[in-house]
Amino acid sequence: MKLRIFTEPQQGATYDDLLTVAQAAERLGFDAFFRSDHYQRIGPGDPGPGSTDAWITLGALARETSTIRLGTLVSPATFRLPGPLAIGVAQVDQMSGGRVELGFGTGWFEGEHTAYGIPFPPVGERFARFEEQLEIVLGLWTAGSSYSFEGAHYRLADSPALPKPVQRPHPPIIIGGFGARRTPRLAATFADEYNVPFHSLSDTGEAFQRVRQAAEATGRALVYSAAQTVCVGSDRAELERRAAAIGTGLDELRANGLAGTPAEVLEKIGALAKLGAERIYLQMMDLADLDQLELIAAEVLPYV
């Protein structure tokens, strides 16, 4: 089991905040540092300095870290055209020496699209565009000398298909979600990893099984992972303080996240492992609480 740190900077975080957490995560031995890809705070509250661009952030972190893997969970297809996205991710992969992963999705938060003038088509069209983008990005990364594509939404003619990423055949692609029909098919066709974000154990197991069945049909083997909000404390008082700091009830965190003492969190990680999860993304909502990161590194990470 690999533990990865996952941040939500649209809730209010500067690049320097993210750099501090990423470098601490690397120093403490976590497998990866991931961030969401949003342009606006989700839900009420102080937006702080506002959001930051995910791939600009990861390009900078690529030069200020050396071993930890870097990625998004997840970049919306609505934000970027497929050609420029393939170029940007390939460049960050080069800048990092081959440490980048692309979490990729359809996009869902209409408010941020409206706020920044980004088109937000109906869900059926978003999935259709997403599927074409998956094919195009992979095609550009793996094509020999040139690449062309003709689809309902995108057309590429004689692209030089450059630059190439460092990783071969390409940086891993992560597809997440809980959909029962389109998501399993797309994950089984295009993804290297399937992620279930913020669901109970039973729901996570059901989602894994749907994708396993789809992957059997395509003959592909995927990595399975889960994202869970983390709240770890040495005792009840510390747990309640951390839950209050992120504005979520401790009972809710215990039910749908990774909350409790290190021993309790290890027990739930073990239950996720039995379902087939090989990676857990620890969603850290309080980026200033590096003591929690130290606690997880000391009392959870060595035992997974």
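**Reading the labels**

Tutor: By class, the largest cavity is lined by six nonpolar, two polar and three charged residues. This is a predicted model, where local features need pLDDT of at least 70, side-chain atom pairs count only at pLDDT 80 or more, and totals for chains, interfaces and linings use all residues. Residues are numbered from 1 along each chain as its sequence is written, and side-chain values use heavy atoms, with hydrogens and water left out.

Student: What makes a lining residue nonpolar, polar or charged?

Tutor: Ala, Val, Leu, Ile, Met, Phe, Trp, Tyr, Cys and Pro count as nonpolar; Asp, Glu, Lys and Arg count as charged; the others, Gly among them, are polar. The residues around the largest cavity are Val-230, Cys-231, Arg-242, Ala-245, Ile-246, Gln-283, Met-284, Met-285, Asp-286, Asp-289 and Gln-292.

Student: What makes a space a cavity or a pocket?

Tutor: The search uses a 1 Å grid over the protein atoms alone. In a cavity, a 1.4 Å probe fits but cannot get out; a pocket is an open set of points with protein on both sides within 12 Å along at least five of seven lines. Lining residues have an atom within 4 Å of a point. Grid points are joined across faces, edges and corners, and a volume is the space filled by probe spheres set on the points. The whole structure has one cavity of 30 Å³ or more. The largest cavity holds about 60 Å³.

Student: Which elements each supply at least two residues of that cavity's lining?

Tutor: β10 (223–232), α8 (236–245) and β12 (279–284) do. Helices (H or I, at least four residues) and strands (E, at least two) are DSSP runs, numbered from the N terminus.

Student: What volume does the largest pocket have, and what lines it?

Tutor: Its volume is about 710 Å³. The lining has 31 residues, with His-38, Leu-73, Val-74, Trp-108 and Pro-197 nearest the centre. By class, that is 16 nonpolar, 13 polar and two charged residues. The second largest pocket has about 290 Å³. Helix α9 (residues 250–256) gives the largest share of its lining, three residues.

Student: Why is Gly-177 called buried?

Tutor: Buried means under 20% relative accessible area, exposed over 50%, and partly exposed in between (1.4 Å probe, protein chains only). Gly-177 has 18% relative accessibility, so Gly-177 counts as buried. Gly-177 sits in the loop between β8 (173–176) and α6 (182–190). Contact means heavy atoms within 4.5 Å. Beyond its neighbours within four places in sequence, Gly-177 touches Thr-183, Tyr-194, Asn-195, Val-196 and Pro-197.

Student: How do you know that Thr-204 is buried?

Tutor: Its relative accessible area is 0%, so Thr-204 is buried. Thr-204 belongs to helix α7 (residues 201–218). Leaving aside neighbours within four places in sequence, its contacts are Val-196, His-199, Leu-272 and Leu-275.

Student: How do you know that the span of helix α1 agrees with its number of residues?

Tutor: The expected span is 1.5 Å times one less than the number of residues. Helix α1 (residues 15–28) has 14 residues, so α1 should span 20 Å; its end C-alpha atoms are 20 Å apart, which agrees. Gly-29 follows α1, with a positive phi near 95°.

Student: What do the buried residues of α1 pack against?

Tutor: They pack against β1 (2–7), β2 (32–35), α2 (54–64) and α11 (290–299). Leu-18, Leu-19 and Val-21 are among the buried residues of α1.
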